[in-house]
Amino acid sequence: ATSLAWGLWQQTSTMTSHLDEQDLARLARNAIAPMSTPEALELFDAVGAPPQPLLMVSPLNTQAIPAHPVWQRLSTQRRTAASVEQGPQLAQQLGSLPPAQRFNVLLDHIRRHIATILALPGVDAVDAHLGFMEQGLDSLTAVELRNRLATSTGLTLPATTVFDHPTPTALTHHLLPQLTTTPE
């Protein structure tokens, strides 16, 4: 038997009717390109009887494949090169700033990631004091935020980080002492 893991179809169905612009933007950031019904049916016919137990059937936007695509992040092997390289850079940047500026630089860093995840126009579209869930993050995007911050800070962050510190300001207060050796 072969199972087919279907990618996104352009035509809205019961399974995809709940997807909004943010969900579609998240898929596009991970190079998942929607396929038309005729294209999907053609792919179905092309699969035939392969010897593999599971195939993913989805066109990929090769121009949009991120450095760490979602299918790599789902693997059991952890990639740490990016966190080792980027984490110290952020900590060094914060350490080189006067203590009074560190909080705002880290807060903007966090807000920039949120704006990217939610496909917002920029940092100013993210309210520093409003809850993540009230701004449009859900459990999936909260984990994406945690993963992005773990990579950019070099810190090991629990899956519940965004829920335990539910606003950009609260999260900044939590992360700043871990990234700097001197108080703010």
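Predicted model: local features only at pLDDT ≥ 70, side-chain atom pairs only at ≥ 80, totals over all residues.
Local features are reported at pLDDT of at least 70 and side-chain atom pairs at pLDDT 80 or more, whereas totals for chains, interfaces and linings use all residues. Residues are numbered from 1 along each chain as its sequence is written, and side-chain values use heavy atoms, with hydrogens and water left out.

**View 1. Overall architecture of the protein.** The secondary structure comprises eight helices and two strands, where helices (H or I, at least four residues) and strands (E, at least two) are DSSP runs numbered from the N terminus. Along the sequence the elements follow the pattern β-α-α-β-α-α-α-α-α-α. Of the 184 residues, 36% count as buried; buried denotes under 20% relative accessible area, exposed over 50%, and partly exposed the range in between (1.4 Å probe, protein chains only). The protein exposes about 11000 Å², of which carbon and sulfur atoms supply 57%; accessible areas come from the Shrake-Rupley method with a 1.4 Å probe, and for residues only the protein chains shown count as cover. Among contacts (heavy atoms within 4.5 Å) between residues at least 6 apart in sequence, 70% join residues at least 24 apart.

**View 2. The aromatic cluster of W6, W9 and F44.** Two aromatic pairs are found in a search of the whole structure. The ring centres of W6 and W9 lie 5.5 Å apart with their planes at 70°, so this pair is edge-to-face. W6 also forms a stacked pair with F44, at 6.4 Å centre to centre and 25° between the planes. This second pair links distant parts of the chain, since W6 belongs to strand β1 (residues 3-6) and F44 to helix α2 (residues 37-47), 38 residues apart. Rings of Phe, Tyr and Trp (its six-membered ring) pair if their centres lie within 6.5 Å; planes under 30 degrees apart count as stacked, over 60 as edge-to-face and the rest as tilted. Relative accessible areas of 34% for W6, 27% for W9 and 47% for F44 place each residue in the partly exposed class.

**View 3. Helix α5 and its buried residues.** Helix α5 (residues 99-117) has 19 residues and reaches 28 Å from its first C-alpha to its last, close to the 27 Å expected at 1.5 Å a residue. The expected span is 1.5 Å times one less than the number of residues. Its buried residues are R102, F103, L106, L107, H109, I110, R111, H113, I114, A115 and I117. An α-helix has 3.6 residues a turn, so residues three or four places apart point the same way. The helix is followed by A119, whose phi is positive, near 55°.

View 4. Q135 counts as buried, at 15% relative accessibility. Leaving aside neighbours within four places in sequence, Q135 is in contact with L118, A125, V126, D127, L130 and P168.

View 5. R146 counts as buried, with a relative accessibility of 16%. Not counting residues up to four places away in sequence, R146 touches L157, P158, A159, T161 and V162. The C-alpha atoms of R146 and A159 are separated by 6.8 Å, although these residues stand 13 residues apart along the chain.

**View 6. L60 in the loop between β2 (54-57) and α3 (70-73).** At 37% relative accessibility, L60 counts as partly exposed.
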